[in-house]
Amino acid sequence: MKNFQTYQIYPSIPKNLEFLETLSRNMWWSWKKYAIDLFRRIDPPLWGESGRNPITFLSKISQDRFEQLANDDGYLAHLEQVKDNFQNLVLDPINRNGSSFGSNEIIAYFSMEFGIHESLPLFAGGLGILSGDHLKAASNMALPLIGIGLMYGHGYFRQYLNHEGIQQEAYPETDLYNLPVERVHDSAGNELRIRIVGPEGYIHAIVWKITVGRIPLYLLDTNILDNPPAYREITSRLYAGDPKIRLAQEVLLGVGGMRAIAAMGIKAKVLHMNEGHSAFSSLERLAQIISEYNVDLKTALEIVPRTTVFTTHTPVAAGHDEFPTELLKPFITSFKKRLGTTESEILSWGQPVGSDKDAPLSMFILGLHMAAHCNGVSRLHGNIARRMWSYVWPDQPEDEVPIIHITNGIHIPTFISEEFAYLFERYLGPDWHMGSRKPESIERIDEIYDEELWRAHERNRSRLIRTCRRQLVKQYTRRNAPRNVIEILESVLDQNSLTIAFARRFATYKRAHLLLQDPQRLASIVNNENYPVQIVFAGKAHPKDQEGKDLVKQLFQFASKPEVRDRIVFLEDYDMHLARHLLQGADVWLNTPRRPMEACGTSGMKAAINGVINVSILDGWWCEGFSEERGWRIGNGEEYEDHDYQDAIESQALYNVLENEVIPCFYDRGNGDLPNCWLQKMKASMKMAMEMFCSLRMVGEYEEQFYNPAAKRFEQLVANNGEEARRLAEQIKKLRSLWQQIQIGAPIRQNIGPFRVGDEFQVTSQVNLGELHPDEVDVELYYGHMKSLEALDESNMEPMTVREDTGNGQYLYGCSLSCKTSGRFGFTVRVKPRGDERLKSTPGLLTWA
């Protein structure tokens with residue numbers, strides 16, 4: 001084949017329609033219903049055939065059709081409305097007076113995947129969609145935030161099932177010419193290229209930009225001729241199975257991402273690492289801080305963690321990436337000189353305390369050590385994360401391990417159905433999408449007429465049934481099914497039956513098989529003539545997860561049985577587009593994870609905002625969202641050692657809930673044929689989702705608890721050539737060298753009791769601080785209800801003050817303790833460093849009596 005010179009031809013769009021091209025290159029359109037309609041109304045069938053990708057779509061519109069639209073007053077009025085909103089919500093400048101961020105100062109949000117829309121194949125599932133929602137909410141809130149990720153040549157796989165239900169994978173190549181991307185230039189105007197050190201020479205990358213409302217998303221790409229073939233493959237596929245490629249991806253994301261930011265002349269005042277994949281960004285940031293502010297490594301190590309956020313989404317230690325030191329060494333060699341340290345010290349930042357020098361580097365531990373602001377993604381997950389990683393802070397009580405929680409949220413405009421969006425606009429006002437910031441708007445959901453709400457939901461369900469039929473016909477046609485089978489599929493499922501959806505990643509802990517524990521009982525539920533039920537399954541198993549693939553096969557084969565095939569279906573190639581139909585059109589959203597394996601889960605939140613009722617194990621977000629007026633729980637939050645026993649118990653609980661509560665509630669029709677009890681649950685679910693689980697609330701909490709404090713701390717730490725950071729480094733050095741001198745005598749109480757509520761008694765303790773001074777430490781009385789002989793139920797602290805200096809570093813500390821509630825209590829005394837939260841939680845600097 002000859003070497004072709006390539007060129008691209010774009011449509012010639014009339015001048016008064018040129019905004020269509022501008023709109024197609026900003027992903028803002030993907031969450032604005034009126035912007036989507038502006039494209040779709042040009043040619044509805046072609047919009048679907050084009051994968052709802054406006055760039056592809058516009059390239060297929062005939063010149064005659066453009067000329068018609070240019071003279072269509074109705075269409076031009078619609079275009080002007082969208083254009084005005086785009087100007088107001090995206091282009092108009094933001095007044096940052098009083099902000100913690102100055103011009104060109106940003107929050108750098110790193111993630112391995114970003115799920116903005118199905119036409120951008122840059123994500124695999126929930127983590128990516130959450131990252132996309134984070135960018136969209138940041139755009140709504142006009143935060144100074146940028147996204148950093150990778151540009152995948154093939155993205156995540158497309159799923160196909162053969163006639164036995166065995167999952168097949170295909171990796172279609174991403175066509176960059178049909179994506180809203182542009183090449184990024186450096187501050188000198190040249191096309192931006194960065195490089196990192198690899199095991200066999202430099203790895204080169206170019207940088208692409210996608211605009212998400214007000215937020216730029218920068219993506220690194222190694223598929224260029226500067227690289228040998230092996231390096232070009234680094235950004236070929238998301239979550240590569242080869243550990244060498246996976247490591248190169250994570251180094252490129254973290255180190256390369258920080259270098260790209262610097263090359264663009266942007267200052268990352270706050271770094272947010274979404275999962276441990278991007279933890280290498282902290283190494284490059286250390287090097288940049290050392291160079292820019294002329295400080296040493298110890299000083300930089302006081303700046304970087306205090307201005308870094310680390311979010312973990314994984315409730316199992318095995319789910320975090322670890323890399324052998326031999327694989328890592330070629331990548332970190334260059335950092336020895338730039339950081340002024342040894343290879344061993346760099347590796348130790350990602351190894352458990354006391355481990356062998358050749359122990360694998362944990363990306364999670366590296367993230368923890370490099371971030372003072374760490375969080376799980378639900379209240380339960382925060383508890384699990386503190387317990388799981390408490391060994392990093394071996395002397396710290398579990399509830400004081402410095403990992404908090406910020407529960408995930410969803411970008412409501414992305415997932416709300418058209419019908420519900422129109423209801424919200426009428427009843428909540430034109431700014432309904434900012435509803436979680438306006439509590440008074442949320443209460444107006446109760447004002448929606450029941451009949452109006454139910455008819456909107458029925459339209460959503462009808463659309464879902466039509467989508468299922470089209471998808472099934474497409475699946476079976478590809479498998480060469482006979483015509484009589486295709487005709488049956490064209491009328492499968494019923495428009496008016498209770499519809500249950502189970503759609504998610506087919507990981508084994510999500511237990512897609514739980515409904516199949518008693519096949520006969522399930523068949524009797526779905527085939528009830530008076531109260532029929534139908535179930536739609538969808539989801540992908542990871543290509544290397546054979547157990548997950550076996551679950552897909554098991555469900556497919558069960559759904560193919562003659563006695564249930566009209567009532568239970570499995571849809572292939574679950575993606576964001578199919579998810580929207582399921583989330584909007586089902587009546588029940590079923591979730592059956594093995595507690596406590598679900599860190600959060602957000603699909604149920606998306607269902608709830610559409611009035612779909614959750615039936616779920618009490619895990620992840622549902623522990624916070626559940627109440628009897630909003631949905632149903634399966635079990636009471638029990639945890640089991642025996643998984644087979646757990647499955648047997650909870651499957652029966654699921655059948656009982658369906659038969660005795662869910663199905664009767666749905667079919668309980670009063671006057672006007674409306675399910676009044678069901679409608680009240682729908683409204684309660686919608687209010688819950690908007691108030692508690694909106695991404696605006698989530699990002700607002702990150703801003704308030706992490707971003708703003710970290711940005712202010714950055715200013716303090718780098719001021720005067722890093723004066724405060726240098727002082728902190730010296731203080732840490734002093735504390736570590738002298739801490740072992742601290743000794744605490746047994747605490748003595750004024751009297752031995754018994755005590756009554758309202759009493760107060762004195763506690764004293766002799767503390768030897770050695771060469772440290774009282775103003776360098778905090779001495780605390782640690783007390784609370786007894787949980788066991790060696791642990792308290794929860795931590796309570798009372799500061800103790802110096803009562804007497806007895807010389808030679810000996811001090812008598814004391815305080816009074818009030819008896820506020822009855823019960824069995826315990827207390828002891830401890831010494832911690834005095835300072836900010838980072839200093840107080842330094843591993844190894846905590847002594848108990």
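**Reading salt bridges, strands and cysteines**

Modeller: Let's start with Glu 419 and Arg 463, whose side chains meet in a salt bridge, N to O at 2.5 Å. That pair ties together parts 44 residues apart in sequence, since Glu 419 lies in helix 17 (residues 418–428) and Arg 463 in helix 19 (residues 450–478). One caution: this is a predicted model, where local features need pLDDT of at least 70 and side-chain atom pairs count only at pLDDT 80 or more, while totals for chains, interfaces and linings use all residues. Residues are numbered from 1 along each chain as its sequence is written, and side-chain values use heavy atoms, with hydrogens and water left out.

Colleague: What counts as a salt bridge, and how many does a search of the whole structure find?

Modeller: The general idea is that side chains of opposite charge can pair when their charged atoms come close. Here the cut-off is a side-chain nitrogen of Lys or Arg within 4 Å of a carboxyl oxygen of Asp or Glu. By that rule there are 49 in the whole structure.

Colleague: Are Glu 419 and Arg 463 buried or exposed?

Modeller: Both are buried (under 20% relative accessible area; exposed is over 50%, partly exposed in between, with a 1.4 Å probe and protein chains only). Arg 455 makes a salt bridge with Glu 458, closest N and O atoms 2.7 Å apart; the two are three residues apart, so about one helical turn separates them.

Colleague: On to strands. Which face of strand 6 is covered?

Modeller: In a regular strand the side chains alternate between the two faces of the sheet. Helices (H or I, at least four residues) and strands (E, at least two) are DSSP runs, numbered from the N terminus. In strand 6 (residues 193–198), Ile 194, Ile 196 and Gly 198 make the covered face, with Arg 193, Arg 195 and Val 197 on the uncovered one.

Colleague: What does strand 6 pair with?

Modeller: Strands of a sheet pair through backbone hydrogen bonds, either parallel or antiparallel. DSSP must find at least two bridges before two strands count as paired. Strand 6 pairs with strand 7 (residues 201–212) in the antiparallel sense, over six bridges. Two residues sit between them in a hairpin, and Gly 198 stands opposite Gly 201.

Colleague: Where is parallel pairing found?

Modeller: In an open sheet of six strands, ordered 17-16-15-18-19-20. Its edge strands, each pairing on one side only, are strand 17 (568–571) and strand 20 (631–634). Within the sheet, strand 15 (residues 498–503) and strand 18 (residues 588–591) are joined by two bridges, and Ile 500 has Val 588 as its bridge partner.

Colleague: Last one: how many disulfides does the structure hold?

Modeller: A disulfide is a covalent bond between the sulfur atoms of two cysteines. With sulfur atoms required to be within 2.5 Å, the count is zero. For Cys 600, the nearest cysteine sulfur, from Cys 623, is 10.0 Å away. Cys 600 is also buried, at 2%. For Cys 677, the nearest one belongs to Cys 665, 3.4 Å away; Cys 677 is partly exposed at 41%.
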